[in-house]
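User: I would like to go through the terms used for this structure and see what each one rests on. Please show it before we start.

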Amino acid sequence: VVRIGGGAGGASAARAGMDTAFSRPLLFFARAPAGSPAPIAAGTSSLVPGALPKNVMLVTLARGTGAVDPQTYVVRLGHQYAEGEDDEEGLSRPAVVEFDDIFAEEVASVSERTLSNNRSRDEWEKSRLRWNGLGGTWDNRVVLKDGKYSVELRPMEIRTFEVVVRNILGDASVTKES
């Protein structure tokens with residue numbers, strides 16, 4: 001695919017094309033009697049109630065597996081642009097994501113996990129090797145304000161979260177500590 005456009009907006013056009021080309025396709029199956037069309041209507045819909053910032057991609061949204069409570073989800077968010085890659089539209093700037101925009105249910109708690117989701121980020125930070133380089137220190141940027149959880153993603157960051165939502169009865173599920 002060849003894209004032609006202005007120099008300043010090239011990153012956003014290219015990124016949209018890459019997402020289309022490299023994202024896994026979603027497969028849907030239906031049953032129908034032989035000789036009749038499959039009962040699948042064309043169109044689009046989303047289970048995500050709000051809009052994410054234009055520079056953020058919902059990489060993973062999966063219900064917890066195994067012994068984890070069914071009201072627990074793994075959410076992986078990715079900032080799609082590098083610093084300076086798209087300053088014209090502001091897509092290279094940090095983005096704030098509110099978890100209420102991802103879930104229709106009320107969000108009871110949010111905790112950051114390692115990228116592979118095998119440990120809490122706090123636990124990992126305490127045990128990791130400290131390198132005396134030019135990089136800054138990590139701070140826990142999951143914010144709870146006015147009963148809503150949000151997080152700021154810096155350019156090119158990919159981060160994983162464990163999100164617990166309130167069930168239909170209104171009581172919060174309890175997360176299992178790993």
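Analyst: In E7, Thr160 is the bridge partner of Arg76. This is a predicted model, in which local features need pLDDT of at least 70, side-chain atom pairs count only at pLDDT 80 or more, and totals for chains, interfaces and linings use all residues. Residues are numbered from 1 along each chain as its sequence is written, and side-chain values use heavy atoms, with hydrogens and water left out.

User: What makes E2 and E7 a pair?

Analyst: Two strands pair if DSSP finds at least two bridges between them. Strand E2 (residues 72–79) and E7 have 7 bridges, in the antiparallel sense, so they pair.

User: Why is E7 called mostly covered?

Analyst: Buried means under 20% relative accessible area, with a 1.4 Å probe and protein chains only. In strand E7 (residues 158–165), 7 of the 8 residues are buried, so the strand is mostly covered. For the chain, buried residues make up 30% of the 178 residues.

User: What makes a run of residues a helix or a strand, and how many of each does the chain have?

Analyst: Both are DSSP runs numbered from the N terminus: helices are H or I with at least four residues, strands are E with at least two. The chain has 2 helices and 7 strands, in the order α-β-β-β-β-α-β-β-β along the sequence.

Terms used. Buried means under 20% relative accessible area, exposed over 50%, partly exposed in between (1.4 Å probe, protein chains only).
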